[in-house]
Amino acid sequence: MGESSYGRLRIQMNKAFDIGVESLSKVGRAESAGLESGCSGHTVHSNKFDAAGKTNVDFGVMSADVVAPARSSGDTANVGTFFLETFGCQMNDHDSEKVAGLLLSRGYRQVETPEAARMILYNTCSIREKAAQKVFSRLGEYRERGAYKIIGVLGCVAQQEGQDIFKRAPWVSLVCGSASYRKLPEMLAELEAGNKRVTGLDNDTDETFETEITRRDNPWRAYLTIIEGCDKACAYCVVPHTRGPERSRGSESILREVRQLAELGYSEVQLLGQTVNSYVDPTARMKFSDLLLEVAKVAGIRRVRFTTSHPRDFGADIVEAIDREPKLCDHIHLPVQSGSTKVLRAMARTYTREEYLEKIALIRGAARPISITTDIIVGFPGETDEDFTETLSMLDEAQYDGVFGFKYSPRPNTPSLALNDPISEEIKGQRLAMIQEKQRVIQTARNLAMLGQELDVFVSNKSRRENQWSGHTTSNRVISFSSQEKELLGSYVRVKVTDSGTGSLVGLEVRS
């Protein structure tokens with residue numbers, strides 16, 4: 001499929017697609033190990049293509065109070081084409097859905113390649129040094145594709161670098177942070193009118209939560225950002241600078257959107273935030289656990305996920321909510337970052353090793369098994385061999401179902417830049433490999449223990465092989481299975497686990 005226009009509501013819930021829906025948000029984690037958990041790891045995708053190169057634009061479903069807002073007589077955007085590439089986490093994925101919705105509702109057409117586009121938008125991530133370096137490398141590639149194009153940098157690198165992007169890449173026309181996406185149509189109108197450089201760099205506004213229309217790239221699972229920014233000020237993290245302070249979205253607005261999504265046929269929602277469990281309703285003072293239960297009450301919603309949680313704000317009430325409501329998925333992503341209290345203090349993580357393990361004990365004490373995944377940073381300045389040994393032992397104690405490991409990389413505007421005793425890249429690489437190997441052994445054993453179990457699976461992928469499907473369990477494990485059914489995408493089936501590996505399970509559909 002080439003160019004596509006979304007000027008009207010499109011609902012395609014019952015159509016079978018020979019495509020991996022999970023590839024919409026998971027393409028690869030070059031420096032990670034473990035389950036794909038919907039955590040704060042990072043992905044790359046361009047205009048939503050699957051591994052085979054087929055475009056996923058047929059999945060576009062608009063959701064908003066209005067289907068297509070009327071364009072003003074002065075709007076000149078209805079003849080434009082755009083290519084949107086996203087690099088980052090699920091929040092960036094969802095931000096790109098908002099951007100695409102805004103543009104499509106105004107007559108822009110999304111195309112599959114930069115060459116076919118009049119405007120190229122690059123939604124960026126700055127969480128690691130390599131991610132930011134990749135931005136300017138990609139901008140150089142875009143420049144070679146044609147100087148006549150409008151090129152815009154969106155997201156975290158845009159907020160981090162600001163107008164300096166124009167100095168390093170003078171061919172860029174637009175620099176826009178995530179909090180300014182609602183103003184994107186006005187900024188584009190300025191470019192259409194001949195303005196050479198336009199910026200939108202606010203990062204402390206509630207307007208980031210809602211856009212008048214969102215183009216949904218997945219027909220069954222929907223992302224909702226419920227809290228933006230972060231107040232935790234971890235020493236290594238650039239998020240407070242790029243996303244601003246914590247701002248929680250009102251519960252009425254969240255629940256209204258969930259109801260709209262359920263009416264459109266969505267059965268699974270994933271609540272997003274840099275520290276999602278730090279949510280506090282600004283209107284009704286509803287706690288995060290209360291919000292989870294309210295979302296689960298919405299008719300038509302079968303699964304509720306959330307990511308990413310911060311250990312400081314994680315309490316027994318969240319576990320109790322998961323125990324109480326089966327619709328709340330039994331998976332928690334709880335980043336530890338280090339197993340050493342000394343390193344955690346240097347990171348300004350606001351908890352000790354012992355306090356973190358108390359959170360793990362809360363989860364393991366739940367009435368139903370809850371899978372736990374985590375993030376780990378190796379090579380933080382000053383991390384000794386003894387500190388790293390404590391991190392390795394944390395894997396043994398916590399028994400994670402998935403670990404996403406990263407090498408420390410210094411980021412601009414972060415306190416860790418002032419720390420001495422840097423760790424060499426060689427040692428970082430060795431430590432990361434040791435984390436991955438230990439987790440491989442743990443994860444293989446935990447998956448092996450699931451042989452013979454029957455699991456509810458949400459089917460999201462049809463293999464090219466006949467009668468082969470795959471999907472996610474409520475604990476977010478990936479399982480491939482056999483079924484004679486012709487159309488299963490978007491449905492829930494019962495699957496018995498017959499084999500296992502490190503990263504996934506194998507099973508057979510259980511017929512009643």
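Because the model is predicted, local features need pLDDT of at least 70 and side-chain atom pairs count only at pLDDT 80 or more, while totals for chains, interfaces and linings use all residues. Residues are numbered from 1 along each chain as its sequence is written, and side-chain values use heavy atoms, with hydrogens and water left out.

The protein contains 13 helices and 21 strands, taken as DSSP runs numbered from the N terminus (helices are H or I, at least four residues; strands are E, at least two). Of its 512 residues, 61% are buried; here buried means under 20% relative accessible area, exposed over 50%, and partly exposed in between, with a 1.4 Å probe and protein chains only. The exposed surface comes to about 19,800 Å², with 49% of it supplied by carbon and sulfur atoms (Shrake-Rupley method, 1.4 Å probe; for residues, only the protein chains shown count as cover). Among contacts (heavy atoms within 4.5 Å) between residues at least 6 apart in sequence, 76% join residues at least 24 apart.

Turning to the strands, five of them close into a barrel in the order β17-β18-β19-β21-β20, with mixed pairing. Neighbouring strands of this sheet are turned against each other by 50° on average, direction ignored; the axes are lines fitted to C-alpha atoms, for helices over the stretch in contact, and angles run from 0 to 180 degrees between N-to-C directions. S480 stands opposite V506 in β21.

Helix α9 (residues 316-324) has I318, V319, A321 and I322 as its buried residues. These cover an arc of only 155° around the axis, which puts them on the same side of α9; the arc is that of the directions from the helix axis to the C-beta atoms. Exposed residues E320 and R324 are carried on the face turned away from that buried side. The cover over the buried residues of α9 includes α8 (288-297), β13 (303-307), β14 and α11 (353-364).

S340 counts as buried because its relative accessibility is 0%. Its side chain makes a polar contact with the side chain of D387 (2.9 Å); such a contact is a pair of N or O atoms within 3.5 Å, and within protein one must be able to donate a hydrogen and the other to accept it, with residues adjacent in sequence counting only if both atoms are side-chain atoms. Not counting residues up to four places away in sequence, S340 touches D387, E390 and T391.

How values were computed
Pairing = 2+ DSSP bridges.
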